[in-house]
Amino acid sequence: PLYASFDALSVPQLAKEPKAMAIAERLFMSHCAQCHGSDARGSKGFPNLTDGDWLHGGSPEQIKATLQNGRVGMMPPMAAAVGSTEEVKNLAHYVLSLSGSPHDSLRAALGKPKFAVCAACHGIDGKGNQALGAPNLSDKVWLHGWGENAIVAMINNGKTNQMPAQQGRLSESQINVLTAYVWGLSNRP
């Protein structure tokens, strides 16, 4: 019965409802905090939900779909397509340059042509692709670690991350209030 009063509210309205957010916070602590942290700021490999940097989009509909169905993020190893060890390092410096991070400008210039391999997912400008969950490489958000070594490891080894689906674990009403809570974390006035 308590959830019935929440079901008719939009996500932005629900995010302003103190009773709903108290319930959602408990749901978050039980089902999400293990990975995203009790403050929702994430950690290496687990996204920060408070910063507005969304791999799959931060609209209420996209957040709800993520909660319901989970997500599998996968970057395949790309070193074979890039070339030699030196070419991988050059590409890593080009990726660092996209965000204005410290990098070797000569290596970055040599790595730029190799970025064509990455552009299929991350875009020619490195801004990412939410439809694929490909991160924006031009900002200062480094989900899996920062610097030449972290980027080289990602190019060489790839990465697979999975967020479990909550559908079946939580009711539709619980997912609805949790959606509002998560949306509200990065949409505070």
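I take a salt bridge to be a side-chain nitrogen of Lys or Arg within 4 Å of a carboxyl oxygen of Asp or Glu. The model is predicted, so I note that local features need pLDDT of at least 70 and side-chain atom pairs count only at pLDDT 80 or more, while totals for chains, interfaces and linings use all residues. Residues are numbered from 1 along each chain as its sequence is written, and side-chain values use heavy atoms, with hydrogens and water left out.

**Salt bridges**

I searched the whole structure and found 3 salt bridges. One of them joins the side chains of K64 and E172, at 2.9 Å from N to O. K64 is in helix α5 and E172 in helix α11 (residues 172-185), 108 residues apart. For helices I use DSSP runs of H or I, at least four residues, and for strands runs of E, at least two, numbered from the N terminus.

I looked up R107 next: its side chain meets that of E86 in a salt bridge of 2.7 Å, N to O. R107 lies in helix α8 (residues 105-111) and E86 in helix α7 (residues 85-98), so the pair ties together parts 21 residues apart in sequence.

**Cysteines**

I counted 0 disulfides, a disulfide being a pair of cysteine sulfur atoms within 2.5 Å. For C32, the nearest cysteine sulfur is that of C35, 8.6 Å away. C32 is buried, at 9% relative accessibility (buried is under 20% relative accessible area, exposed over 50%, partly exposed in between; 1.4 Å probe, protein chains only).

**A40**

I noted a positive phi of about 65° at A40, which is not a glycine. Most residues other than glycine have a negative phi. A40 is in the loop between α4 (33-36) and α5 (60-69), and A40 is buried at 1% relative accessibility.
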